[in-house]
Amino acid sequence: MEDGLLQILFGIGKFFLHPLLYLGLFYAIYLGYIRVKRERKDFHIRVQDGWFEARTYLAKGFIPGVLLSVVIFLIGFHVSLSFVILSGFVILLFGLLLKPGLLSPAFTIGFTFFFLFAMDAFQWELSILNITLSTNDGGFLSEIALLIGFMVIVEGWLIQRNGSKHTSPKIIRSRRGLKVGIHESKRIWLVPLLFLIPEGSFSSPFDFWPVVPVGSETFSVLLVPYWIGFSQQIRISLPKEGLRAIGRQVIFVGFIATVFGVVSFSYPMLSIVAVLFAMVGRIVIPIVQRFQNNTYPYYFSKNERGIVVLDIIPGSPAEKMGIQIGEIIKTVNGISVANEQEYYAALQRNRAFCKLEVIDEQGENRLVNRALYEGEHHELGVIFIDAEKQWDTDAG
């Protein structure tokens, strides 16, 4: 028993030696830098600080990764060492393209699956880092098919719970050349995964374990830092609603792939169906989203009733007043406003107190008011579609 615990601790310790752990952090920092640079260009202020993506990378994927690792361990789920090493190289290669959307597990695990499938079909052997990779251990098809289903479900959960929060506002030109606002979500999450590798010194702790069949009764335990990436623009709805809908669609794709993966243990060729379904499903979802973007009007565009709120600066008076993204500011201090110039002029009428009439997303009017204090952002912290006005300082 002590030897088994030592094997587990040793496998977990390798997690902190894995280069993907630290390369992913640099990638997240880069995403934050690019976002801040773009927001300052569009609005002369950043919304979230530049370390937001790095904090997201380190923290938000940890819990789902641990939960999935517990499931993997309890059922005795195992993969070959070839899969662990090749999937790491695929993740690194896709990461170098600087397109977070390519880091969906549907693509990273999917490409690894078909590469291993080709190695098995043609009996290839590949030497990487003085390790000979092959598929002689057999039985990798169904395991990877089940894993891709699990991981796509985790991806959908992360999109719903984290990707839909704190999206980044962006100014673009419509087909008619008018300024319109959209929201963009670019994320990379660190998901720790505990893998059992056949042939090692860790033996079965229970009579019924492993549930997933394997020829070997001993394993090596390895905790691997896995990246899940996501990138999506929302144009025709509120960002939270649009991204949560995408998250539900991704979870559905993952669930169906998981079902195929389970059945593939009895009918191995269904593993190919599971992987293809996951890959095609993740390709179709953004294509449908792009088609809808070209069909329906932009959500954040000029509005006759007032000024549409594109975003709110964290910690600003506007956030404390409860103003929400997508609401319309109709009057400021009793004065109707139709553009930013009128908005700023109305704010100057009373520099110690502000009263706004706001139209919420249900189309109902509500009044919000608040005293303004010295040191608070004098422009309330509201970001509009028209980005001609330069902000003086960051808020928050």
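# Exercises: rings, charges and a buried arginine

Phe 384 is buried, its relative accessible area being 2%. Here buried means under 20% relative accessible area, exposed means over 50%, and partly exposed is in between (1.4 Å probe, protein chains only).

The model is predicted, so local features need pLDDT of at least 70 and side-chain atom pairs count only at pLDDT 80 or more, while totals for chains, interfaces and linings use all residues. Residues are numbered from 1 along each chain as its sequence is written, and side-chain values use heavy atoms, with hydrogens and water left out.

## Exercise 1: the overall picture

Find how many helices and strands the protein has, and what share of its residues counts as buried.

*Solution.*
- Start with the DSSP runs, numbered from the N terminus: helices are H or I runs of at least four residues, and strands are E runs of at least two. The protein has 11 helices and 11 strands.
- Next, turn to burial: 52% of the 396 residues count as buried.
- Finally, look at contacts, meaning heavy atoms within 4.5 Å. Among those between residues at least 6 apart in sequence, 71% join residues at least 24 apart.

## Exercise 2: annotated spans

Which residues does the UniProt annotation "transmembrane region" cover?

*Solution.*
- The unreviewed UniProt entry gives this annotation to residues 15-36, 57-75, 81-98, 139-159, 209-229 and 250-280. UniProt positions are in the numbering used here, feature names are shortened, and annotations may be inferred rather than shown by experiment.
- Now take two of these spans in the model. Residues 81-98 are 89% helix and 0% strand, with end C-alpha atoms 27 Å apart.
- Residues 250-280 are 81% helix and 0% strand, and their end C-alpha atoms lie 11 Å apart.

## Exercise 3: aromatic pairs

How are the rings of Phe 94 and Phe 111 arranged, and how are those of Tyr 343 and Phe 384?

*Solution.*
- Begin with the rule: rings of Phe, Tyr and Trp (its six-membered ring) pair if their centres lie within 6.5 Å; planes under 30 degrees apart count as stacked, over 60 as edge-to-face and the rest as tilted.
- The whole structure holds 11 aromatic pairs. Phe 94 and Phe 111 are edge-to-face, because their ring centres are 5.3 Å apart and their planes stand at 85 degrees.
- This pair links distant parts of the chain, 17 residues apart: Phe 94 is in helix 5 (residues 81-96) and Phe 111 in helix 6 (residues 105-122).
- Phe 94 counts as buried at 12% relative accessibility, whereas Phe 111 is partly exposed at 44%.
- For Tyr 343 and Phe 384, the centres are 4.8 Å apart and the planes at 75 degrees, so this pair is edge-to-face. Tyr 343 lies in helix 11 (residues 340-347) and Phe 384 in strand 11 (residues 382-384), so the pair ties together parts 41 residues apart in sequence.
- Tyr 343 is buried, with a relative accessible area of 0%.

## Exercise 4: salt bridges

How many salt bridges are counted, and where in the chain do Glu 53 and Arg 35 lie?

*Solution.*
- A salt bridge is a side-chain nitrogen of Lys or Arg within 4 Å of a carboxyl oxygen of Asp or Glu. By this rule the count is 8.
- One of them joins the side chains of Glu 53 and Arg 35 (2.6 Å, N to O). Glu 53 is in helix 3 (residues 52-59) and Arg 35 in helix 2 (residues 19-43), 18 residues apart. Both Glu 53 and Arg 35 are buried.
- Another salt bridge joins Arg 38 and Glu 184 (3.6 Å, N to O). Arg 38 lies in helix 2 and Glu 184 in strand 4, so the pair ties together parts 146 residues apart in sequence.

## Exercise 5: Arg 187

Which side chain of opposite charge is nearest to Arg 187?

*Solution.*
- Locate Arg 187: it is in strand 4 (residues 179-203).
- For charge, Lys and Arg count as positive and Asp and Glu as negative; His and the chain ends are not counted. Arg 187 is buried yet has no salt bridge, and the nearest side chain of opposite charge is Glu 53, 5.1 Å away.
- Then check polar contacts: pairs of N or O atoms within 3.5 Å, where within protein one must be able to donate a hydrogen and the other to accept it, and residues adjacent in sequence count only if both atoms are side-chain atoms. The side chain of Arg 187 makes one with the side chain of Asn 162 (3.2 Å).
- A polar atom of the Arg 187 side chain also lies 3.5 Å from the backbone oxygen of His 166.
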